[in-house]
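Reader: Walk me through this one, please.

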Amino acid sequence: DALPILFLALLILGINANSKELLDESQNRKNLLNMKSESTKKTIVFTGGGTIGPVTPLLALYEELKSQHPEWEFHWVGTAQGPERTLIAKYQIPFSALPEVKLDRFFSLRNLIAPFKMIHALIQAHKLLDLLKADLLITAGGYVSVPLIWSGKLKKIPAYIHQLDIIPGLANKLMVPFATKISVTFEQSLKDFDQIIEIDPQ
């Protein structure tokens, strides 16, 4: 009488073992799919502000990237009091503010204290990049972008800079040595840059 019971017990154990293997295999496939999905997900950080000038062309780029890569995440870094914050909110892009360290092209008190303000801004930018885990930084200018691009270089995060006007502004000049790629609107601007250049077709 014990043999049929033993046989039945072994059969049940075998079924449970096979079921567990199937569940494990199913879970492994699910994990692989999740890993693949995560590997294609990127975080793009746009930065610029203080004025609307460097913001609007990046918003057009954001819409294009969003349509092509809906799985990507986007973030915007601008100024605390600039007009860009309200505009960015309409696009429902997460927003963070950094200190804006402006410089004069002549001797001034602001230039004397700027290095200390920049150190503070760099520390904030470093912390923010740790939090965002950015894969790419994109800017079209603005002093608020400088500490973020500088800090990104230390973290080996690629940075793309777009030069809107013919003559580059001081903020872009400060960021150019740390850029991975630079695009320009006007061909006349090519003489101001040594990095890899892309001409923006109009």
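Author: Pockets need a definition to begin with: on a 1 Å grid over the protein atoms alone, a pocket is an open set of points where a 1.4 Å probe fits, with protein on both sides within 12 Å along at least five of seven lines, and lining residues have an atom within 4 Å of a point. This is a predicted model, in which local features need pLDDT of at least 70 and side-chain atom pairs pLDDT 80 or more, while totals for chains, interfaces and linings use all residues. Residues are numbered from 1 along each chain as its sequence is written, and side-chain values use heavy atoms, without hydrogens or water.

Reader: Which residues lie nearest the centre of the second largest pocket?

Author: A140, G141, G142, D165 and G169 do, out of 13 residues that line the second largest pocket.

Reader: And which helix gives the largest share of that lining?

Author: Helix α6 (residues 170–175), with 3 residues. Helices (H or I, at least four residues) and strands (E, at least two) are DSSP runs, numbered from the N terminus.

Reader: What is the lining of the second largest pocket by class?

Author: There are 7 nonpolar, 5 polar and 1 charged residues in the lining. Ala, Val, Leu, Ile, Met, Phe, Trp, Tyr, Cys and Pro count as nonpolar, Asp, Glu, Lys and Arg as charged, and the others, Gly among them, as polar.

Reader: Stepping back, what pattern does the protein follow along the sequence?

Author: The secondary structure comes to 6 helices and 7 strands. Along the sequence, the protein reads α-β-α-β-α-β-α-β-α-β-α-β-β.

Reader: How much of the protein is buried?

Author: Of its 202 residues, 36% count as buried (under 20% relative accessible area with a 1.4 Å probe and protein chains only; exposed is over 50%, partly exposed in between).

Reader: Take α2. Which of its residues are buried?

Author: In α2, the buried residues are L58, L59, Y62 and L65. Seen down the axis of α2, they fall within an arc of 125° (taken from the directions from the helix axis to the C-beta atoms), so they line one face of the helix.

Reader: What covers them?

Author: The cover over the buried residues of α2 includes β1 (43–47), β2 (73–78), α3 (84–90) and β4 (136–139).

Reader: And α5, how many of its residues are buried?

Author: Helix α5 (residues 145–154) is mostly covered, with 7 of its 10 residues buried. Those buried are S145, V146, P147, L148, I149, S151 and G152. What covers them includes β1, β2, α4 (109–132), β4, β5 (159–163) and α6.

Reader: What happens just after α5?

Author: K156 takes a positive phi of about 60° there, although K156 is not a glycine. K156 lies in the loop between α5 and β5 and counts as exposed, at 76% relative accessibility.

Reader: What about K133, buried or exposed?

Author: K133 counts as exposed, because its relative accessibility is 63%. K133 sits in the loop between α4 and β4, and has a positive phi of about 55° although K133 is not a glycine. For background, most residues other than glycine have a negative phi.

Reader: New topic. Where is S96 found?

Author: S96 is in strand β3 (residues 95–97), and counts as buried at 16% relative accessibility.

Reader: What is S96 in contact with, leaving aside its neighbours within four places in sequence?

Author: H75, W76, V77, G78 and L128, where contact means heavy atoms within 4.5 Å. H75 is 21 residues from S96 along the chain, and their C-alpha atoms are separated by 7.8 Å.

Reader: Across the whole protein, what share of contacts join residues at least 24 apart?

Author: Among contacts between residues at least 6 apart in sequence, 53% do.
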